[in-house]
Amino acid sequence: MSGIRPFPRKTIAAVAVIGVAGMCAARNTSFHNEAFAESSKSRWGSGGPGFGFGTNARMGTYTLRLESFQQVNDNTKRLRFQLPDPASNMGLYLTSYIFTFDKPKDALFNIAKPYTPINNFDEPGYIELLVKKYPDGRASGYLHSLQPGDTLKIRGPFPDYKWKTNEFEYVNLIAGGVGIAPMYQLIQGILNNPDDKSKIKLIFGANTDKDLLMKEELDAFEQQFPDRFKVVYTVSDPVEGSPFRKGRITKELLEKELVGPKDSKTTKIFLCGPPAMEAAIHGRQGWISLRKGVLEELGYTRSRIHRF
């Protein structure tokens, strides 16, 4: 019998956000990023420029206006929202996420959904979200229906992994689909910080070539930081003549591509993707049973792994 997966951290955060009265609605919503956004002494904090807890970086509820959107592929949009204060970045930091709220006409409670902002936090006045529309996804369907000028209620930022400059020499990122969002937030935060010397390896899996989201930006970073950032793309169903590796993220691929010593505190792995992918790579730790994942089989302890 398979183990029961504990509530993701973002589920617990969602319950706190919407209150006990909305708990049933929260549990019926996927609060995991599918593939899955304070110190008064300094604005910079330990994460580098633009990523600290400034004196105004407190959690809050905001109503944002959609400025523009970009259709990335058939089912994914990049949405840009104006912040009420054009000089603010809403207190976003490495790494953080926000909750969006929508109340469908036939729903008793608000539907809350976590998203990781992908914009450059050093550029104030707006946030950007990468949103994949799912066939039965009420939150994603609502966000895809928004037109420039429409508004969206959000709450945040909420903390995820608290990044510290140069905490790790080697950073491995394993992403699937829209799970690239928190990875991209981390990538640009590290690489845009001149004090951070961490070396990053991204292994990015997608169903098709067009599902390699943020590829243009990722390739630009790889060209700009050739000694610090490398990307490996793998596609399950590539088009004919595709330049990408064919297949999923496998044990053999990870054994070949992951960088840094397995048993060292200088190495860290971050993971975000579809539940099935995460279960295979990270393993499943439930109340009833425990199943090893690929990373543990390769010799990586759970303390070296963080799931967004």
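User: What covers the buried residues of H5?

Analyst: In this predicted model, the cover over the buried residues of H5 includes helix H4 (180-191), strand S8 (199-206) and strand S9 (229-235), where helices (H or I, at least four residues) and strands (E, at least two) are DSSP runs numbered from the N terminus. Cover here rests on contact, meaning heavy atoms within 4.5 Å.

User: Which residues of H5 are buried?

Analyst: Within helix H5 (residues 215-224), Leu-218, Asp-219 and Phe-221 are buried, a word that stands for under 20% relative accessible area, with exposed meaning over 50% and partly exposed in between (1.4 Å probe, protein chains only).

User: And why do they line one face of the helix?

Analyst: Because, seen down the axis of H5, the buried residues fall within an arc of 160 degrees, they line one face of the helix; the arc is that of the directions from the helix axis to the C-beta atoms. On the other side of H5, Glu-216, Gln-223 and Gln-224 are exposed.

User: Switching topic, where does UniProt place the "binding site"?

Analyst: The unreviewed UniProt entry places that feature at Pro-114, Tyr-115, Leu-130, Lys-132 and Ser-140, and these positions cluster in space, with a largest C-alpha distance of 12.4 Å, although they are spread over 27 residues of sequence. UniProt positions follow the numbering used here, feature names are shortened, and annotations may be inferred rather than shown by experiment.

User: Is Ser-140 buried or exposed?

Analyst: Ser-140, which lies in helix H3 (residues 138-145), counts as buried at 3% relative accessibility. Pro-114, in strand S4 (residues 111-115), is also buried, with a relative accessible area of 0%.

User: What does Ser-140 touch?

Analyst: Not counting residues up to four places away in sequence, Ser-140 touches Tyr-115, Val-131, Lys-132, Lys-133 and Tyr-134. The side chain of Ser-140 also reaches the backbone oxygen of Gly-137 at 3.3 Å.

User: How many bridges pair S1 with S6?

Analyst: Strand S1 (residues 60-71) and strand S6 (residues 151-159) pair in the antiparallel sense over 6 bridges, given that two strands pair if DSSP finds at least two bridges between them. Gly-60 stands opposite Gly-156 in S6.

User: And S3, which way does that run against S6?

Analyst: Strand S3 (residues 96-102) and S6 run antiparallel, joined by 5 bridges, and Tyr-97 stands opposite Phe-158 in S6.

User: Which ground rules apply to the model and its numbering?

Analyst: Residues are numbered from 1 along each chain as its sequence is written, and side-chain values use heavy atoms, with hydrogens and water left out. Since this is a predicted model, local features need pLDDT of at least 70 and side-chain atom pairs count only at pLDDT 80 or more, while totals for chains, interfaces and linings use all residues.

Technical notes. A polar contact is a pair of N or O atoms within 3.5 Å; within protein, one must be able to donate a hydrogen and the other to accept it, and residues adjacent in sequence count only if both atoms are side-chain atoms.
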